[in-house]
Amino acid sequence: MKVNKAETKKTAIQLLKYGVIGASNTLITAVTFYVLNSLLSVDYVPANAAGYVLGVLNSFVWNRNWVFKTKQNLKREALLFVVGFLLCYGLQMGVSGILLEVFDMKHYTLDWIPNAGQNIVMLISMVVYTISNYIYNRTVTFKVKEPKE
């Protein structure tokens, strides 16, 4: 199997850009979650959902225009992006539920972080979300269609 250097370089740059967007999404999601959950005492699920909605909006715009640079059907890509978000968010919530309930991390505390266990679980499950979401978006949402010969 021959490695295509141009494709490898393109993928590496894409991953780097995706990481930058992922970092900004993580910051948006984490800050939103922290403010709602820890400072305003909003329950885990709605605080987490609010953070993800803001992160997803940011993510779609930047991924479409900067990471994957697609100019395909906007409505189709937006719909596929939302489907991918829902699938990956479901996976993220499943991981969260297991960590919070089965491993009882919801009761983990630190003196300097209110709801520390919930904040830690949210960050761990965000990693699962990010990896699965990149794979989905690269292979489904923003997959460049090869011209038919």
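This is a predicted model: local features need pLDDT of at least 70, side-chain atom pairs count only at pLDDT 80 or more; totals for chains, interfaces and linings use all residues.
**Close-up A. Lys69, out in the loop between H2 and H3.** With a relative accessibility of 53%, Lys69 is over the 50% mark and therefore counts as exposed. Now for the backbone: most residues other than glycine have a negative phi. Lys69 isn't a glycine, yet its phi is positive, at about 45 degrees.

**Close-up B. Asp104, in the loop between H3 and H4.** Here's another non-glycine residue with a positive phi, this one near 55 degrees. Asp104 has a relative accessibility of 40%, so it's classed as partly exposed.

**Close-up C. Ser96, tucked away as a buried residue of helix H3.** Helix H3 covers residues 74-102, and Ser96 is part of it. Side chain to side chain, Ser96 and Ser125 make a polar contact of 3.1 Å. Beyond its neighbours within four places in sequence, Ser96 also touches Tyr44 and Val121, along with that Ser125.

**Close-up D. Thr141, a buried residue of helix H4.** Thr141 belongs to the helix spanning residues 116-141, and its relative accessible area is 1%. Its side chain pairs up with that of Asn137 in a polar contact of 2.8 Å. Look past the neighbours within four places in sequence and Thr141 is in contact with Arg76, Glu77, Leu80, Phe81 and Tyr136.

Note on methods:
Residues are numbered from 1 along each chain as its sequence is written. Side-chain values use heavy atoms; hydrogens and water are left out. Helices (H or I, at least four residues) and strands (E, at least two) are DSSP runs, numbered from the N terminus. Buried means under 20% relative accessible area, exposed over 50%, partly exposed in between (1.4 Å probe, protein chains only). A polar contact is a pair of N or O atoms within 3.5 Å; within protein, one must be able to donate a hydrogen and the other to accept it, and residues adjacent in sequence count only if both atoms are side-chain atoms. Contact means heavy atoms within 4.5 Å.
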